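Here is a friendly walk through one protein model, from local backbone details to the overall fold. Have the structure open as you read.

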Amino acid sequence: MNGKPIPILPETPRVADLRARVRAAMEREAVDWKGPARIDERYVSEPLAVRKARAIACKLSLLPTDLWTGQLFAGSMTLEEPRLHYERSFPDYVTDEERQAAAAHGLSIRSVFGHIVPDYAALLSKGLTGIRAEAKAQMPLAENETERAFLDSVTVALDAVIDYAARLADHCEAEAESLAAQALDEQRAEELHRMAANLRQAPAGPALTFWQALQAVWLLHLVFHSTMNGNAMGRLDQYVWPILQPDLEAERLDLAPAAEHVDSYSLKNNERAHTKEEQRPESRPEKDEQKQPNRHANSTHNRSNDKSNA
């Protein structure tokens with residue numbers, strides 16, 4: 001920012017409203033959505049990696065497109081109303097023989113990796129279509145069936161994410177047209193049109209604006225967590241700064257709307273949270289008795305009644 005001090009900006013009415021509603025939603029425990037138990041049997045003869053990608057595609061094809069009212073970002077793991085949580089359910093994609101072989105090593109389809117930071121810089125600079133093209137270009141170089149199956153699985157999974165983004169864009173357009181038809185909230189209708197345009201540009205293509213960059217990162221984070229891969233976001237400030245900095249310096253974007261985008265983006269991460277009794281002010285121990293809380297303690301992903309951990 002050319003050495004200029006960064007001002008502390010007040011919370012906008014939109015952000016104050018979203019924050020209040022997210023906190024209210026945290027008081028209500030979400031109900032887990034029950035998705036399909038298994039991928040379509042016509043895919044069972046495909047390699048394991050491709051079947052996992054089919055399961056991802058199946059799950060994403062059924063994720064909701066509902067928006068939290070007033071949000072600037074589309075895609076949710078947990079809805080506001082009804083309070084449904086879509087993160088955990090995932091279709092089975094293995095054979096009985098594969099299941100038994102994995103169990104002998106203490107593994108299952110829920111034995112997944114997490115806390116890995118994906119290459120979000122590549123996502124923002126290339127888009128999913130660019131990454132997909134790279135996978136396609138590698139196909140003639142594949143040396144065995146395992147490598148070919150991996151590259152096929154990349155294509156299936158990326159196409160599923162692109163299709164999901166397109167469904168979200170369609171929903172934003174439909175909401176905008178509904179508002180326009182009723183001559184209601186022209187500002188929100190315009191926002192929804194821009195949200196749809198953002199989703200059609202990124203993550204399929206490179207992010208051209210700060211708003212598109214945040215939308216693309218959020219959508220991929222949602223996809224990872226909804227398909228059994230609890231990856232981290234990493235240093236968001238570092239990989240979105242090359243997109244934000246030129247806009248700020250050229251005064252194409254002011255700090256105020258940029259800050260509102262960051263606030264709205266940050267609140268997306270709390271939509272799935274659930275306040276437990278021990279986290280309420282009246283239940284907290286005295287300051288000298290406090291222990292460092294587990295950073296996942298308030299996530300619906302780790303509720304005490306999670307039967308998957310029983």
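Let us start with Asp 185, which sits in the loop between helix 5 (145-181) and helix 6. Helices (H or I, at least four residues) and strands (E, at least two) are DSSP runs, numbered from the N terminus. This is a predicted model, in which local features need pLDDT of at least 70 and side-chain atom pairs count only at pLDDT 80 or more, while totals for chains, interfaces and linings use all residues. Residues are numbered from 1 along each chain as its sequence is written, and side-chain values use heavy atoms, with hydrogens and water left out.

**Backbone details**

Most residues other than glycine have a negative phi, and most peptide bonds are trans. Asp 185 is not a glycine, yet its phi is positive, about 45°. Asp 185 counts as partly exposed because its relative accessibility is 47%; buried means under 20% relative accessible area, exposed over 50%, and partly exposed in between (1.4 Å probe, protein chains only). Glu 251 also has a positive phi, near 60°, and lies in the loop between helix 8 (236-249) and helix 9 (255-268). With a relative accessibility of 65%, Glu 251 counts as exposed.

Two peptide bonds to proline are cis, as the table shows.

| Cis bond | Omega | Loop that holds the proline |
|---|---|---|
| Glu 81 to Pro 82 | near 0° | between helix 2 (48-62) and strand 2 (84-85) |
| Ala 202 to Pro 203 | about 20° | between helix 6 (186-201) and helix 7 (210-226) |

**Nonpolar cores**

A nonpolar core is a set of buried Ala, Val, Leu, Ile, Met, Phe, Trp, Tyr and Cys residues joined through side-chain atoms within 4.5 Å. The largest one has 64 residues, and those with the most contacts inside it are Leu 60, Leu 124, Tyr 164, Cys 172, Tyr 239 and Tyr 265. Two or more residues come from each of helix 2, helix 4 (120-138), helix 5, helix 6, helix 7, helix 8 and helix 9. Helix 5 gives the most, with 12 residues.

Which residues does Tyr 265 touch, not counting those up to four places away in sequence? They are Phe 73, Leu 214, Val 217, Trp 218, Met 233 and Leu 236, where contact means heavy atoms within 4.5 Å. A second, separate core of 5 residues includes Val 22, Ala 25, Met 26 and Trp 68.

**The largest pocket**

The largest pocket has a volume of about 1100 Å³. On a 1 Å grid over the protein atoms alone, a pocket is an open set of points where a 1.4 Å probe fits, with protein on both sides within 12 Å along at least five of seven lines; lining residues have an atom within 4 Å of a point. Grid points are joined across faces, edges and corners, and the volume is the space filled by probe spheres set on the points.

Of the 40 lining residues, Ile 56, Phe 113, Phe 150, Ala 157 and Asn 229 are the closest to the centre. Helix 4 supplies the largest share of the lining, 8 residues.

**The whole chain**

The protein chain has 9 helices and 2 strands, in the order α-β-α-β-α-α-α-α-α-α-α along the sequence. Its C-alpha atoms fill a box of roughly 60 × 50 × 45 Å, taken along the principal axes. Of the 310 residues, 43% count as buried.
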